[in-house]
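Here's a walk through some strands, hairpins and loops of one protein model. Have the structure open and follow along.

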Amino acid sequence: MSSTADLSRRSFFGRLAGRLDPSAPDTAHWHQVPEVSGGDGDVFWTGWSGQGEVFLAGDNGRMVHLSVRADHASEGWTTMELPVATPIHGIWGRSPEDLHAVGWMGSILHYDGQSWSRVQGAVIDHERQQYQASPDNTPLFAIDGQDNGEAWAVGDEGRILHFDGLQWRPESSGVFDNLRAVACTNDGTVYAAGLGGCVLQRTAEGQWQSVDCPHQCGFQAALPLAADELLLAGGRYFVGKGGFRGELVHYANGQFRVLHADLDMPRLRALKHYKGGVLIVADHGHLYYLKDSKITRLACDSQHDLMDVITLPSDEAIIVGDFGTVMTATSGFVRALAEDARSHNANASRWQIMSSPNQHQLWCVWQDSQGTTWAGGEAGTVLRLGGNRWQALPTIPNGLAVHCLWGCDGAGLFAGGQQGRIYRFDGQSWQLHFDLHLDLTILAMWGASPECIYAVGDEGLILHFDGLRWQRVTSGTQSALYDIWAYDAEHLLVVGDFGLVLRYNGKDWKSFNANSEQFLYGVWGHALDDIWVVGLSGTATHFDGSRWAAVPTRLRDDLMAIDGLPNGELIAVGTRGCAAILRDGQWQAEITPVPVGLRDVCVGRDGAVYAVGDQGTIVLRSSTGA
């Protein structure tokens, strides 16, 4: 847990601040939300929150709902009607209009923003007036999914179900253990965990394989810390103690390690990211906060078993549990929800989908000095924006993919891409301008003038055009080079694999590391002492003129490109429709209306932002908005 290479770990276990602040996460007091109550037999097992709405679910098919508008208006907590009376153990979804819930007797429910419907499970044998003994009725205990709409649910007897966006299908787990947790990582890996120390990993081919865990803990929860790192929580029954003893287990690089084995904790039930650390709930009202590898017990008003943590986009949280327990640590609970709703409304209004002439994947978007915006992609696609409409230009000969565009007055428009070829557009047609005669892809291009253009790409490729001819320049690396940024013709930066940065000083290229081991896909700077790079797994690193420092983004997606806004802020985009803005030194996620990967971003002279990506996607972030 002490690697310096992984930014997501650094964001969780960074320096603890505000220790004397009564609202700090390790000192705040947790109290019951008075508007929600329950009796002796009521248990809230789980919940979901987003866009100013909260759903809490528990035994006997009980579901309560709270919706708060941006102006703080609300009708209060209401009870929702469910088509089953079985306990609900897990909820996951991408929006309040697309939620999935799983529970006892294999219940799978879907909410479309209007009502809940039963998808499968809870099948009754009407002749016997009891639930059928069938695999579809196997109890389910957890669900998690990805931004592309895929989801997985797990339950008893090694039961795993996969939702492909249209329907649920069983997947063979290869085990018969009772599974209690499922977790999706940012790189698409899926883990499942359960009783007896069972840990499973889903391969890229969709096969489940066991991960050999030496600890026989009954895992109840799993939390991804990085692509190959998990925090697992649960407990084991000890006769001598007359009950369960909680255990917290860290998994990284194929190795398991018990954390805080000296603490006498009750069974741990759930854990979630919370205010730069990890919030952990347990039986008997025990509540813990983990940060800097230190665990602190938090004060709360409940002695009941705590079952789950529901995090809010505002970084606040709700805890639910036995006897109708619903707790929060913020005095402005409704205000926090209103902020979530306001943020969603503001962000959603800023981004909109633009009509694209085709469905080919788009790799690049660029605006010239005259304010004309261009985009390029697969099958030789080149688009030009005229007014509010994108128009297709003649395609690149041989249908070669376009990965970068650059041009200026007197030089025309250049397009670089597959097979080491660069084409030039004269206003009517494309002509081959340079051929490397190697199957290398040119990925980025920048120019100071028609007599000084640079291009970079696969296997350390650097090309320079002096106005007469293109020449290959020795880079000193075989790593792929993804992006290029320049202050002027004598100050250039290029980024690549494993934190590689190449710097050009007007004479030669030198390499160094940007304090990261991640692939770096984008680079942009305001000045030579204010440069940012972004990349794999939400990586963001800043150069202040003397050193590189990693800055947490709280993002799980890969950041593929970055550009600067006129007001000094930065915008980055990435996989699964990810977008983030750097404001006041902190990265804030923004909501885009698309779930597909965004591969490049360009800020226009008027402050409008254009992002392009998979399936011909083009989205616009207006320069003004709510």
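## A strand covered on both faces

Let's start with strand E18 (residues 199-202), which is covered on both faces: Val199 and Gln201 on one side, and Leu200 and Arg202 on the other, are all buried. Buried here means under 20% relative accessible area, exposed means over 50%, and partly exposed is in between (1.4 Å probe, protein chains only). Strands are DSSP runs of E with at least two residues, numbered from the N terminus.

A word on where this comes from: the model is predicted, so local features need pLDDT of at least 70 and side-chain atom pairs count only at pLDDT 80 or more, while totals for chains, interfaces and linings use all residues. Residues are numbered from 1 along each chain as its sequence is written, and side-chain values use heavy atoms, with hydrogens and water left out.

## The neighbours of E18

Which strands does E18 pair with? Strand E17 (residues 190-194) runs antiparallel to E18, joined by four bridges, and E18 is in turn joined to strand E19 (residues 208-210) by three bridges, again antiparallel. Two strands count as paired if DSSP finds at least two bridges between them. Ala193 sits opposite Val199, and Leu200 faces Ser210 in E19.

The hairpin of E18 and E19 has five residues between its strands, with Gly206 at a positive phi near 85°.

## Two open sheets

Further along, an open sheet of four strands has the order E36-E37-E38-E39, with antiparallel pairing. Its edge strands are E36 (402-408) and E39 (430-435), each pairing on one side only. From one strand to the next, the twist averages 25°; the axes behind such angles are lines fitted to C-alpha atoms, and angles run from 0 to 180 degrees between N-to-C directions. E36 and strand E37 (residues 412-417) are joined by six bridges, and Val402 has Gly417 in E37 as its bridge partner.

The other open sheet also has four strands, in the order E52-E53-E54-E55, and its pairing is antiparallel. Strands E52 (559-564) and E55 (586-590) are at the edges with a single partner strand each, so one side of each has no neighbour in the sheet. Neighbouring strands are turned by 25° against each other on average, direction ignored. Five bridges link strand E54 (residues 579-583) to E55 in the antiparallel sense, with Ala579 partnered by Glu590.

## Loops with a positive phi

Most residues other than glycine have a negative phi. Lys275 has a positive one, near 50°, and is located in the loop between strand E24 (268-274) and strand E25 (277-282).

Gln419 also has a positive phi, near 60°. This residue is in the loop between E37 and strand E38 (421-425). Is Gln419 buried, partly exposed or exposed? Gln419 counts as partly exposed because its relative accessibility is 32%.

## A nonpolar patch

Tyr237, Val239 and Phe244 make up a nonpolar patch on the surface, with about 350 Å² of accessible area together. Patches are built from residues with over 30% relative accessible area and no salt bridge, joining nonpolar side chains (Val, Leu, Ile, Met, Phe, Trp, Tyr) within 5 Å and like charges within 9 Å. A salt bridge is a side-chain nitrogen of Lys or Arg within 4 Å of a carboxyl oxygen of Asp or Glu, and accessible areas come from the Shrake-Rupley method with a 1.4 Å probe.

Val239 lies in the loop between strand E21 (229-238) and strand E22 (243-252). With a relative accessible area of 72%, Val239 is exposed.
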